[in-house]
Structure formats: C-alpha cells, structure tokens
Amino acid sequence: MSVGIVMLVHNALGRAEQAARHWAAAGCPVVIHVDAGVPRKTYDAFANSLADLPRIKFCKRFRCEWGTWGIVAASQAASELILAEFGEVRHVFLASGSCLPLRPVEELIEYLADRPHTDFIESATTADVPWTVGGLDEERFTMRFPFSWKRQRMLFDKYVDLQRRLNIKRRIPQGLVPHMGSQWWCMTRQTLSAILQGPDRKEYDDYFRRVWIPDESYYQTLARQYSIEIESRSLTLSKFDFQGKPHIFYDDHLQLLRRSDCFVARKIWPHANRLYEAFLTDPAGAMKRTEPNPGKIDRIFAKAVDRRTRGRPGLYMQSRFPNKDWENGVTAAQYSVFQGFTQIFENFEPWLTKATGARVHGHLFHPDMVEYADQQANLNGALSNSAKARDYNPNAFLTNLIWNTRGERQCFQYGPADNSEVIHQLSRDPNAQISVISGGWAVPLFRSNKDFFDIRKEAARLQRIESEHLNVLRSPYAKARIRIWTMAEFIEAPMEPLQGILDEIGKTQARRLAEVPKMVDLTGFGQFLQNLKNQGMHPYLMGDFPVALGPEPAQDRPRKPYLVR
C-alpha cells in the first residue's frame with residue numbers, strides 16, 4: 001500500500017522541489033502540476049531538476065487562477081495520472097508547493113493504512129459553514145461566474161447584480177446537495193476514481209465550471225455521492241484570517257507547528273529556512289506519533305484574529321482604519337471634559353490641577369489653536385498645537401491624544417465656540433466624563449466691552465450651538481458619563497457638584513474640599529439677560545436669574561444635577 005501525492009505548484013519552485021524529494025524519499029509517488037502561467041523555460045528547468053526520480057511525474061498544465069475552474073482541472077489531470085501510473089496507490093493526498101510535511105511521511109502512510117476506506121475531506125453544507133467570505137453562500141451554486149473576481153472585478157460584481165435583479169438561477173444537477181470545505185483533501189482510490197470516471201462527470205464538470213471557487217466545492221460535494229466513510233476534516237493544517245486569506249507560517253512559528261500534531265501545514269513562507277531544516281532534514285526534530293489535533297492552536301489564531309479586527313482599546317491600526325465602528329473602544333483611557341467652568345471660575349484650571357494632579361488643558365478644540373497645558377507647542381506623540389492639523393481629523397486627534405498620554409488623566413475645556421465635529425465622539429465614548437454648565441458662554445459676553453448688537457448676535461449663535469450639543473449629550477445613544485447643570489442651579493450651590501466631579505476623577509485627597517476656585521463677579525448678570533430678552537432673544541440655557549440682583553448662594557438643600565448617564 002502507498003500514498004500518492006498530487007502537488008499543485010505555481011511559484012517557489014526550489015521549495016517545491018525540496019518537498020517533492022522528501023515525499024519521494026519516503027516511497028510516495030508524486031505527480032506535479034505546474035501552473036501554465038509559469039514560463040516554459042522555468043518549467044523545463046524545474047522538471048529537469050527532478051528527472052533523476054522516476055516516481056515523480058508531471059501532468060498536463062492548466063491556468064490556475066484563484067476562484068476559477070483551472071484549479072479543479074489541474075487536480076483532475078494530476079489525479080488521473082497518478083491513478084493510472086501507480087496501481088499500488090490507495091490514498092491520494094492533495095498538497096501544494098508551499099505545503100510542508102510536519103511529521104515523518106512513514107507515519108502518514110501508517111495512519112492511512114489503518115483507515116483504508118476513509119476519505120479525509122472537509123465537507124459541509126453551505127448552511128453549516130461559518131468561513132465563507134464575500135457574501136456568496138448558496139448563490140455561488142445558483143449563479144454563473146464567467147468573469148474573474150481578481151482581474152475583472154467590476155464585470156464580476158455587475159453580472160452578479162444583474163442575475164439577482166432578473167432572478168436568474170441555475171439548475172443544480174439532480175441528486176446533488178452542494179457541500180463546501182477545505183481545498184486540501186486526502187481520498188481513497190475508490191472514491192477518487194469514482195468521481196473521475198463516473199458516468200455523470202461531464203454534467204458535473206459543466207455545472208461546477210461556472211461555480212464560484214469550485215475547488216472548495218467540487219470534490220467536497222461529489223465525495224458525498226461515492227464515499228464509503230468520510231472524515232469531514234483535512235489532514236493539512238491551513239488557517240485563514242477574517243478576510244478569507246491564508247495565514248503564512250514563518251520561522252518563529254516553529255513551536256506552534258509542532259504543537260499542532262498535523263501531518264502537513266500550509267502556507268509556508270519560501271524563505272523560512274528554519275522550518276524547512278527542522279521538518280525536512282532533522283528527523284529528531286519532527287513531531288512524534290499522535291492524533292492530528294489542530295484545535296490545540298485554534299485559540300492562538302482566534303486571538304490573532306481578534307487583535308487584528310478589534311486591536312487594543314483606543315488604538316487605530318492599519319487593518320481597521322478608517323472603517324467606522326471597527327475600533328475597540330473610542331479611546332484608551334478615561335478623561336474629563338468641562339464646559340462652562342472656566343467662564344464661571346477665574347482660576348479653574350490651576351485649581352483642578354492642584355486638586356487632582358491631572359494634566360489640565362485649555363480648549364483643545366479652540367478654533368485658533370490647540371490650548372495644551374502650560375502652553376506647550378507639542379504633546380506626546382508629536383501632536384502639535386496647530387488647529388489646521390487637528391481639524392483635518394479632530395476625532396483621530398482626540399483618540400491619539402488619549403492614547404499617547406495613557407497613564408496620566410487628561411482634562412480639557414470645551415464650549416460651543418470650539419470645533420463641533422468632535423461632540424458626537426465625546427458623547428459615545430464610555431471613557432469620557434463630561435460636566436456641563438449650560439449657558440456659561442454668556443459670562444464672557446456679559447463682561448466684554450462690545451456693542452450690544454454684536455453681543456446679542458453672538459449670544460444667539462452660541463446658544464443655538466450649545467443647544468445642539470446638549471441634544472447630542474442627552475441622546476439615548478450617549479455612553480459617556482454626563483452631568484448637566486444650568487448656570488443658575490450650579491452657582492446656587494457649587495460645592496457638591498465640584499466635590500462629585502473630583503471624586504469621579506478619583507485622585508483627590510480623602511478630605512472634603514477645603515479650597516474652592518474663585519467665582520467671577522456676576523453682579524448685574526440678571527439684568528444683562530433681561531436686556532437680551534428685550535432685544536428679542538430668549539436666553540433659556542442659563543436658568544432663572546433675578547433681574548435686580550446677582551445670584552446669592554442658597555442656604556437650603558442644593559439641587560441635584562441632571563444626570564444623563
């Protein structure tokens with residue numbers, strides 16, 4: 001009894017020669033198919049390099065393009081030749097030129113000898129496979145695909161869309177239930193010859209010739225027609241990422257491959273010298289006799305896929321950017337945003353720095369420049385104070401700032417005059433702690449020396465913007481920790497909300513506040529608001545202020561803030 005090897009080769013012919021010699025040295029006949037796209041001169045040199053081994057033969061060549069019939073035709077031609085030339089072959093093992101035997105070939109021969117009637121081919125119905133990528137499951141069997149997905153993508157997509165709109169469907173040959181699975185199989189002579197010599201082969205070939213990616217469904221479907229016993233798994237270790245592209249194994253995967261206990265692995269990087277030396281030239285380094293169990297390393301691949309698709313919280317990566325909502329968390333660490341505080345308190349920023357030890361910035365989204373703490377021109381990660389550079393992508397600016405300063409709490413000011421594009425990201429970021437004193441923007445206008453007409457115009461503009469901001473923050477989709485006070489209720493009893501803010505930051509001293517920031521003089525502010533009303537504006541975001549007097553601290557119980565989340 002012997003195992004025959006069918007090899008599909010299209011590049012790295014030196015490595016393919018090395019693998020073919022390894023198979024042949026163990027007594028396995030080998031039939032090689034070389035892609036018709038390989039130049040004739042290169043092909044002849046490759047064939048001549050193996051001419052000294054009579055049990056290695058070459059079959060008719062086909063053009064093998066991914067997703068097309070040529071790959072099936074190549075495996076058919078090679079399988080027919082190996083069955084005709086080597087009568088002792090009982091199992092045929094399909095491999096590629098980038099496949100690498102991980103265990104002594106003698107162990108594979110003995111393993112298959114103990115299972116003379118078993119076909120090892122992954123074969124499952126389309127409803128049961130989770131790995132199809134590209135939006136075509138059942139449709140790959142009911143549509144026609146005459147165009148190349150790689151070379152003629154526009155025609156491919158348009159023809160698929162046309163068939164959908166016109167509800168054009170192909171007839172699946174009677175008695176066939178389409179199955180899918182790994183391209184890499186190992187089948188018995190009886191099953192393989194029945195597929196290749198069956199009376200319905202022409203009908204089946206004509207049908208699968210227009211199926212998309214037929215190498216993953218042709219043998220997988222027909223094996224169900226003829227096999228005595230199917231093990232729905234491949235003896236070849238092959239892993240794919242979330243886009244359906246095969247993982248490539250490098251030298252640093254040596255121990256990982258040994259842990260798999262598989263007979264063969266693909267795809268091996270052609271320059272992985274350490275892997276080829278360990279598994280092809282070092283019998284002592286080969287894996288020991290045991291049942292193949294690729295599931296042992298599935299956890300590692302699952303973590304790799306998770307890292308690529310989700311990444312680390314608050315870090316954009318090439319594999320995910322700029323896909324919306326692919327981020328694993330909006331930002332990397334917690335931070336605090338204050339709106340209206342610097343307008344009401346004269347020394348709010350230095351007070352907050354002293355009280356919390358956090359880095360307290362000014363208005364990071366100020367229209368003229370980024371106001372970093374201590375008037376820095378650049379921050380960690382080469383983030384400059386240029387408003388133009390920031391506004392190219394303000395959301396990414398915030399993400400980068402929090403990522404590059406993780407480990408240190410960041411606090412910054414925000415207001416209706418700042419860049420509004422970032423408010424949506426702030427509201428949906430669970431790491432954000434947002435404290436808003438609505439109407440605080442009116443204090444600088446009250447204390448300014450501008451003409452009242454200009455003040456009224458600016459007040460109307462800022463109130464409209466802040467109102468929109470508050471609607472976003474009160475949205476049911478907001479995930480940030482948000483507290484909103486009107487200006488009137490905040491200054492009525494500021495101690496409790498200030499203490500709550502510091503407690504939430506979590507870096508304050510255990511004792512209650514002994515020092516509070518100095519509040520600006522608001523004498524006459526109520527009359528200022530009345531003057532705005534007299535000019536036809538309705539300043540409603542500040543709350544109720546008496547006209548004659550400025551607000552006095554209340555002696556009764558302080559009001560609770562509006563808690564959004």
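**Y219 and its surroundings**

I started with Y219 and S75, whose side chains are joined by a polar contact of 2.8 Å. I take a polar contact as a pair of N or O atoms within 3.5 Å; within protein, one must be able to donate a hydrogen and the other to accept it, and residues adjacent in sequence count only if both atoms are side-chain atoms.

This is a predicted model, so I keep in mind that local features need pLDDT of at least 70 and side-chain atom pairs pLDDT 80 or more, while totals for chains, interfaces and linings use all residues. Residues are numbered from 1 along each chain as its sequence is written, and side-chain values use heavy atoms, with hydrogens and water left out.

Is Y219 buried or exposed? Y219 counts as buried because its relative accessibility is 2%; buried means under 20% relative accessible area, exposed over 50%, partly exposed in between (1.4 Å probe, protein chains only).

I looked up what Y219 touches beyond its neighbours within four places in sequence, and the list includes V72, S75, Q76, I121 and W185. Contact here means heavy atoms within 4.5 Å. I121 sits 98 residues from Y219 in sequence, yet their C-alpha atoms are 8.3 Å apart.

Y219 belongs to helix α9 (residues 218–226). Helices (H or I, at least four residues) and strands (E, at least two) are DSSP runs, numbered from the N terminus.

**Helix α4**

Next I checked α4 (residues 105–113), where V105, E107, L108, I109, Y111 and L112 are buried. Those buried residues pack against β1 (2–9), α1 (13–25), β4 (89–96), β6 (118–120) and β9 (186–188).

**The cores**

Which residues touch the most other members of the largest nonpolar core? In that core of 66 residues they are F341, L352, L426, I434, W441, M487 and F525. α19 gives the most to this core, 6 residues. A nonpolar core is a set of buried Ala, Val, Leu, Ile, Met, Phe, Trp, Tyr and Cys residues joined through side-chain atoms within 4.5 Å.

I also found another core apart from it, with 35 residues, among them W69, A77, M180 and F208.

**α19 against α22**

I then went to α19 (residues 452–473), which packs on α22 (residues 525–534) at about 85 degrees, with axes 11 Å apart. F452, I455, R456 and A459 in α19 meet F528, N531 and L532 in α22.

**Whole protein**

Last, I noted 22 helices and 20 strands, and that 50% of the 565 residues count as buried.

Terms used
Axes are lines fitted to C-alpha atoms, for helices over the stretch in contact, and angles run from 0 to 180 degrees between N-to-C directions.
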